[in-house]
Amino acid sequence: MKYSKLGNTDLTVSAIGFGVWTVSTTWWGINDEDEGVRLLRQAYDSGITLFDTADIYGNGLGETILARAFKDEREKIIIATKFGYDFYQHERSGHKELPQDFSPSFVRFAVDQSLRRLETDYIDLYQLHNPRIEAIEQDELFAVLEDLKNEGKIRYYGVALGPDIGWEKEGMVAMQKRRVPSLQIIYSILEQDPARKFFPVAKELGIGLLSRVPHASGLLDGTYRPGMVFSPTDHRSHRKQEWLETSLGKVAKLDFIYGQDSGRTISQAAMQFVLAQPTIASVLPNIVNEEQLREFVEAVDKPPLTNDEVARIADLYDHDFYLKTGAALSS
């Protein structure tokens, strides 16, 4: 495993992090808590030290499962959790977003609940969960986050953009106006915007980026096949079949970055692409079993993408992978 500082913070994070949502929700991943704990422990034994969760994952399970897995290793891991959704007074229906509350009183309530569930007295990185611009522009919100830092309840705070790709304005304001030390984004070979606009700003301001969904929800790890239908509880079920089939057409253009000659699998190449950005400190793949865990961890030691490979990927992306014109990328 490789490690680096998250931007200008003193948080040292593993290049591969663990998105705890796969072991604490029913959307996609592991539904058995004991199995989830075992996978978390295996991740730690493999060198992963960054665990990214949220209070809303499993209505608190995403935090209690970390306490169960790492009660004796608290000082050796970095816990990043999120806040902002009021699941205490509202019940979620399917994948519909819950009401958000970023008022100072709710933030104080939420952080205390997270600390209790995590069985710790501090959170390393406390992230606004999918905030809209109205929340990021609230001075009172960032004042209470500064107070929580001074009280020792959190070490740093940041912003996690989402739930899907986009949110350029939110990301820019969070970095340029709020100077958050950490920004969590979506970035992959298939989904590069608006992340590409974030990189120069993050570099200039010393902001550390965490990147999730490097495999574009399974398109870049070999788990999706033509005609595949997801169960209603799977978060990918909202995707239109046409979009998925078109995306597979794009993936077919990427055979030059993986395979026996390259020394990488497609999932490893996808993570190498993300980690090639110097401002990205850690990538958060969706880990659902030990085989995937092993493959993802090994990605950091695989041959990095060459300049030629990076250039070809950029050309493909800038031309919509030549699917509309039928043109072929020159070799």
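1. Leu183 has Leu209 of β9 as its bridge partner. Five bridges join β8 to β9, and the two strands run parallel. Strands here are DSSP E runs of at least two residues, helices are H or I runs of at least four, and both are numbered from the N terminus. From β8 the chain passes through α7 to β9 in a right-handed β-α-β crossover (clockwise from the first strand over the helix to the second, with the strands pointing away from the viewer).

2. This is a predicted model, in which local features need pLDDT of at least 70, side-chain atom pairs count only at pLDDT 80 or more, and totals for chains, interfaces and linings use all residues. Residues are numbered from 1 along each chain as its sequence is written, and side-chain values use heavy atoms, with hydrogens and water left out.

3. On its other pairing, β9 is joined to β10 by four bridges, again parallel; Leu209 is partnered there by Ile280. Five of the five residues of β9 are buried (under 20% relative accessible area, 1.4 Å probe, protein chains only). Gly208, Leu210 and Arg212 lie on one side, Leu209 and Ser211 on the other.

4. The open sheet has eight strands in the order β3-β4-β5-β6-β7-β8-β9-β10, with parallel pairing (pairing requires at least two DSSP bridges). Its edge strands are β3 (18-19) and β10, each pairing on one side only.

5. Helix α7 (residues 195-205) buries Ala195, Phe198, Phe199, Val201 and Ala202. Their cover includes α6 (168-176), β8 (182-186), β9 (208-212) and β10 (280-284). Gly206, with a positive phi near 70 degrees, follows α7.

Note on methods
Buried < 20%, exposed > 50% of the residue type's maximum accessible area, 1.4 Å probe, protein only. Contact = heavy atoms within 4.5 Å.
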